Amino acid sequence: MKMNRQDPTAPTHEVPGESPSVASLLRRYVTPGDDAEFARVWTWAQHELRGYDDAPLSDLPAYRLTETLPKGLRLNAKGRGWMTVGEPVDNYGLPEACRAWVPERVPLRHGVDEIEGLIAARTCFDNFIEVSPSHAEEIALLLTEQGRPSGGPFTVTAVYWYVPYAALSTLLDRIRDQLSRLVQDSGAADGHQEATSHKALWARPPRT
């Protein structure tokens, strides 16, 4: 899944009477300030808007690690006259070379704009999204090479986790809460009262 690359300083259009999106709240704090504590808020807000797709797993905030659906990692594969989608992968059967690329908890690296876009585009038939691990192409190649001697000619075309949409909504709530804490700790809200009220920060749009 491609990560969102939208400029964090791009203007956000809000609908009067509706709670502001998390992305619009973050954009109010992406202008660098002179205060060192405020710079912490600015740096964090930039990361959340752009996503963490290039960051090492150890650099991701704990709230961006979530549980996958049962059976963990899945794969798509195709051979002569057949194909399979969503086949569970036994983590213990993974090639040793790629086990470090498949953590127990799924990293959600998406930028906040992309997360909100995924939720907005959800239909009644959508229960989860597919999230690929880092080095997904290398994992697919190793699984293909590992399986060919016993399973005949086939190609693993994709590896991913199923992550429920509820995990995306929970992540947005946690980012909103983290923003509130950082703003309070830094006193950044005192210098941005016109742009952001504490009431707006804590307000959450109703779940649909």
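1. Let's start with the aromatic pairs. In this predicted model, a search of the whole structure turns up three of them. One brings together W82 and F154, with ring centres 6.3 Å apart and 45° between the planes, a tilted arrangement.

2. Are the two partners buried or exposed? W82 has 38% relative accessibility and so counts as partly exposed. F154 has a relative accessible area of 14%, which makes this residue buried, because the cut-off for that class is under 20%.

3. Now for another pair, F128 and Y162. Their ring centres lie 4.1 Å apart and their planes meet at 45°, so this pair is tilted. Here too, distant parts of the chain are linked: F128 sits in strand β5 (residues 128-131) and Y162 in strand β6, 34 residues apart.

4. The accessibility of F128 and Y162 is worth a look as you turn the model. F128 is partly exposed, at 32% relative accessible area. Y162, at 11%, is counted as buried.

5. Which strands pair with β6? Strand β2 (residues 74-79) is one of them: six bridges join β2 to β6, and the two run antiparallel. Within that pairing, L75 has V159 of β6 as its bridge partner. Strand β5 also pairs with β6 in the antiparallel sense, over four bridges. A residue pair to pick out for orientation is I129, which stands opposite V163 in β6.

6. Stepping back to the chain as a whole, you will find seven helices and six strands. Their order along the sequence is α-α-β-β-β-β-α-β-α-β-α-α-α.

7. The chain has 208 residues, and 42% of them are buried. Among contacts with a separation of 6 or more, 71% are between residues 24 or more positions apart. The accessible surface amounts to about 12,000 Å², with carbon and sulfur atoms contributing 52% of that area.

Conventions
Residues are numbered from 1 along each chain as its sequence is written. This is a predicted model: local features need pLDDT of at least 70, side-chain atom pairs count only at pLDDT 80 or more; totals for chains, interfaces and linings use all residues. Side-chain values use heavy atoms; hydrogens and water are left out. Rings of Phe, Tyr and Trp (its six-membered ring) pair if their centres lie within 6.5 Å; planes under 30 degrees apart count as stacked, over 60 as edge-to-face and the rest as tilted. Buried means under 20% relative accessible area, exposed over 50%, partly exposed in between (1.4 Å probe, protein chains only). Contact means heavy atoms within 4.5 Å. Accessible areas come from the Shrake-Rupley method with a 1.4 Å probe; for residues, only the protein chains shown count as cover. Two strands pair if DSSP finds at least two bridges between them.
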